[in-house]
Amino acid sequence: MSAKAISEQTGKEFLYKHISPSAAVQNRFHYATVTAETDWDRLTQENQWLLTKRLVVKPDQLIKRRGKLGLVGINLDLQGVKDWVKTHMMKDTTVGRAKGVLKNFLIEPFVPHKQEEEFYVCIYAVREGDVVLFHHEGGVEVGDVDAKALKLTVAVNDKISEEQVKEQLLSHVPEDKKGVLASFIVGLFNLYEDLYFTYLEINPLVVTSDGVYVLDMAAKIDATADFICKSKWGDVEFPPPFGREAYPEEAYIADLDAKSGASLKLTLLNPQGRIWTMVAGGGASVVYSDTICDLGGVDELANYGEYSGAPSEQQTYDYAKTILSLMTREKHPQGKVLIIGGSIANFTNVAATFKGIVRAIKDYQEPLKEHEVKIFVRRGGPNYQEGLRVMGEIGKTTGIPIHVFGTETHMTAIVGMALGHRPIPNLPPMAAHTANFLLNASNNTVTPANTRTASFSEPKMANDVSPAKKSKAGLPAAKATTLFSNHTKAIVWGMQTRAVQGMLDFDYVCSREEPSVAAMVYPFTGDHKQKFYWGHKEILLPVYKNMADAMKKHPQVDVMISFASLRSAFDSTVEAMQYPQIHTIAIIAEGIPEAQTRKMIKMADEKGVTIIGPATVGGIKPGCFKIGNTGGMLDNILASKLYRPGSVAYVSRSGGMSNELNNIISRTTDGVYEGVAIGGDRYPGSTFMDHVLRYQDTPGIKMIVVLGEIGGTDEYKICQGIKEDRITKPVVCWCIGTCATMFASEVQFGHAGACANQASETAVAKNQALRDAGAYVPKSFDELGDLIRTVYDELVASGTIVPAQEVPPPTVPMDYSWARELGLIRKPASFMTSICDERGQELIYAGMGITEVFKEEMGIGGVLGLLWFQRRLPRYACQFIEMCLMVTADHGPAVSGAHNTIVCARAGKDLISSLTSGLLTIGDRFGGALDAAAKQFSKAFDSGMLPMDFVNKMKKDGKLIMGIGHRVKSINNPDMRVQILKDFVKQHFPSTQLLDYALDVEKITTSKKPNLILNVDGFIGVSFVDLLRTCGGFTRDEADEFVEIGALNGIFVLGRSMGFIGHYLDQKRLKQGLYRHPWDDISYVLPEHMSM
């Protein structure tokens, strides 16, 4: 949602802090808030003015007309305010049809004034700009300001001046107040623009001889502008409408939504209700709510919500478990129903999202059965058959009644089944996967030559590319009636390879000669080529870093499809409109601030560019061109016969519902000629009427379908067009959102524009107006398909439509990745791993979540145990590992590894290179003795050889005993590292048989020479063997295997890496130059010297 109401306190904070100093506002920063938890003594300490001033108190909970409702306490002292609050706090109150509890109050200084000093001012946004309303008589009795107030419309990009305000708004204001009022209104308008308000009303605005006082204020801001205004807004809280509580579950889903690229929405209407919904898609969620209310379920409807935009399995699980948790808290005598519905998805993998829902159902299976919950599922889209199969299976295994339906069932039919208004049919088994549409039904088995790589990177001028239309000087450029043909070429902004491949597959089944995508623009990489498939062949499409190069090299392109993010969509769209060759731009991003959208619309109108979107999936012209992911995957393209034109054109706001219209129209008529989803924002780039007029002027289109929506007034232009005979083709129209008038409090639906600000914007009012104008309007969405069929049959009967013979499309091979997703093929993995899994919601170490690792305080030793040994080691084992890392971390700069690292660092190499040069010295002679010592001592001990025999044998064989001996340390000068480790091991290890054996060997070797001690490498090696064999976590074979494969040397490598990095940083910090070994430290032994 974009426009969100803020509290009066928040609105005034914005105004007082950011309005121009020239606007003579007098009551800045004087307010206090009171709730049930307020400490009055502390409040008065922080706001001393409460003790000295006369006061006003009122609830601050988005309640309109508080004065008329008697909800304002005026001219009170502090005790009077306390008494007034006491009588109202936590009291049930009815405002219109909404019932709620008063619990948040605002206290401000009372401003003594006369009635004639009260004024009314309001600024609100419209498509063409912003409207300033002013009335010279403000206050409680202001009445119908729309009829009485003077109006000043400020066009997009324009500014207002004090002279304009005085001339057009202040004609009834006394002369002595005009100057200060004009200055304030200009400052207020600038504030409104700068802070991205969409609505700002002050009533009354009081002007006395002292200046301006803002008494009561109501406001909405464009929440999507958070990335622009964060520094000015700070953290904004958006209170719920009066009469609806703010539930923690709503906040939880809102937080999930904020952290996700998908869309997740939840509004609780009646937590005790028996009808719950979990609907995919902003438009579909409204349709399901409408149908539930139409069938008498409004009082039992528990929630409104939607999930869309390809949420992950984990996100869907989190969303689903929240719904299931809520609906299983209180029992209902009739049991409960859960409607898991949705239209036909364009790009969401239905099976993947259903996996999350299935997980949640498994987790809540007992509560669901206890509360007698019945579940009804209807869905379509990529891999929907697998999703429905899994959903059906979970019903059978858990015993929960789950009824599953696909695209063969009308979208909202499950609502009637769930509420007992229609029987539940027994459907035949459906296809197992989406591949069933991809086989060529014709006898023609010829496919293009299997060329490995071809390129469409060289632009070719199509013969039918028409130049941009020229308009008369001073007039906006005319927009094209035909947006797309089978020669249309597009540039795609963004690295959306899946969407581009979908477009190319569509082009291929439509038998286009060349791909519709000429190039891609992606600013974050250099120019390169990207590989795609054209039927059976691999082709290369160019990717450019900047748009100018793409436009210059592909002059035949006239469409841009922008997958830019909400932050960059404005700039990239404005840039694209600088090129006269671009006639159509599709903007996919949702959440673009409305002010930016209106600027794009104005520029597009001036340049004759048609904008589809924002917040859209795009549009499709069967047989010619499709935008991005429109129409879904190939199975849906073929099932809905979108590879060839029909006779019916449609326009919709919703992307998901546009795909549902493809399905409905293909089942009830000869198919779609063209379809456009204009987008769910309040100000779509092109309107319903723009496209309906195009369809009216297109000979191939015989009937028009419009799926309108609550909010806005665009549908009334269609009414006017029908009445004036500008539209003569049959128009079948239905506006979704009829349920809104049945709710006691305002509900913001999934689309930003789906909110009625006045009675004429309700879906009920618009449906009636369309019916009165002569459009075909069904009684409900449930009957839309039947009405389309009726109108179509009449056109066929009259000869207006002559259905064409079906021609099968060519075969398009399935992508390998999608075939694997569907389970149609199998392939051995390139490699296997068993220690870590990063694919889920959190990182997993050997089966243990990273949050659990930290919760258990496992430390480095514990993590090493999980990743190296796939086990949770005992606490003492983890401590021993960490001690080993500490004692092996460094041994001075003289050892070979540190020396190499230092030389490399001084040669100007980077950290990785320097570290690697040091690590490469580790082996049997340096650091690698851990493994060798463990193997030698283990072999001797396990064979039953006495320590003396072992020493004698090694001497006889001429081999060194690894882990014995030290250059500096001796029996008389012991290595404290060994002593520390020995004390710990003796205290904590269950058994130290191999260590004891090694110490016996040490006694023998030191009797011969005092420095032949058990050194730190040898100690760690034999102690680690004792650890592996006796800690209880390993079999003897497993313990021996870890020694054999070199795990112990890993301890030295890991520990010493810390020291090497330290030496590298030390040399850099000391700024040491290139190292050159001194001559006097080198013995030059040349051949001549040897011969002398």
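Modeller: Two strands count as paired if DSSP finds at least two bridges between them, and the model discussed here is a predicted one.

Colleague: How many bridges join strand β15 to β17?
Modeller: Strand β15 covers residues 275-277, and one of its residues, Thr277, has Ile339 of β17 as its bridge partner. The two strands run parallel, and as pairing asks for at least two bridges, the number found is enough for β15 and β17 to be paired, namely 3.

Colleague: Which residue in β18 is the bridge partner of Val337?
Modeller: Strand β17 also pairs with strand β18, residues 373-378, in the parallel sense. That pairing extends over 5 bridges, and the partner of Val337 in β18 is Lys374.

Colleague: How many of the residues of strand β17 are buried?
Modeller: Strand β17, which spans residues 336-340, is mostly covered. Lys336, Leu338 and Ile340 point one way from the strand while Val337 and Ile339 point the other way, and all are buried. The number of buried residues in β17 is therefore 5 of 5.

Colleague: In what order do the 4 strands of the open sheet lie?
Modeller: The edge strands are β2 (32-34) and β4 (73-76), each of which pairs on one side only, and the twist from one strand to the next averages 25 degrees. Strand β3 (residues 55-59) is joined to β7 (residues 105-109) by 5 bridges, the two running antiparallel, and Val57 stands opposite Ile107 in β7. With antiparallel pairing, the order is β2-β7-β3-β4.

Colleague: What angle does the direction of helix α1 make with that of β7?
Modeller: Helix α1, residues 8-18, packs on the sheet and touches β2, β3 and β7. Another helix, α3 (residues 78-88), lies across β2, β3, β4 and β7 and runs at about 15 degrees to β3. For α1 and β7 the angle is about 40 degrees.

Colleague: Is Thr409 buried or exposed?
Modeller: Thr409 has its place in the loop between β19 (402-405) and α14 (413-418). Its C-alpha atom is 9.1 Å from that of Arg379, although the two residues are 30 apart in sequence. Because the relative accessibility of Thr409 is 9% and the cut-off is under 20%, the residue counts as buried.

Colleague: How wide an arc do the buried residues of α29 cover around the axis?
Modeller: Helix α29 covers residues 896-906, and its buried residues are Gly897, Ala898, Thr901, Ile902, Cys904 and Ala905. They lie on the same side of α29, because the arc they cover is only 165 degrees.

Colleague: Against which helices do the buried residues of α29 pack?
Modeller: Just after α29, Gly908 takes a positive phi of about 90 degrees. The helices against which the buried residues of α29 pack are α30 (911-919) and α37 (1047-1069).

Colleague: How far apart are the centres of domain 1 and domain 3?
Modeller: The domain assignment gives domain 1 as 3-233, domain 2 as 248-426 and domain 3 as 873-1070. Taken over C-alpha atoms, the separation between the centres of domain 1 and domain 3 is 76 Å.

Notes
Residues are numbered from 1 along each chain as its sequence is written. This is a predicted model: local features need pLDDT of at least 70, side-chain atom pairs count only at pLDDT 80 or more; totals for chains, interfaces and linings use all residues. Side-chain values use heavy atoms; hydrogens and water are left out. Buried means under 20% relative accessible area, exposed over 50%, partly exposed in between (1.4 Å probe, protein chains only). The arc is that of the directions from the helix axis to the C-beta atoms. Contact means heavy atoms within 4.5 Å. Domain bounds come from an automatic or database domain assignment. Axes are lines fitted to C-alpha atoms, for helices over the stretch in contact, and angles run from 0 to 180 degrees between N-to-C directions.
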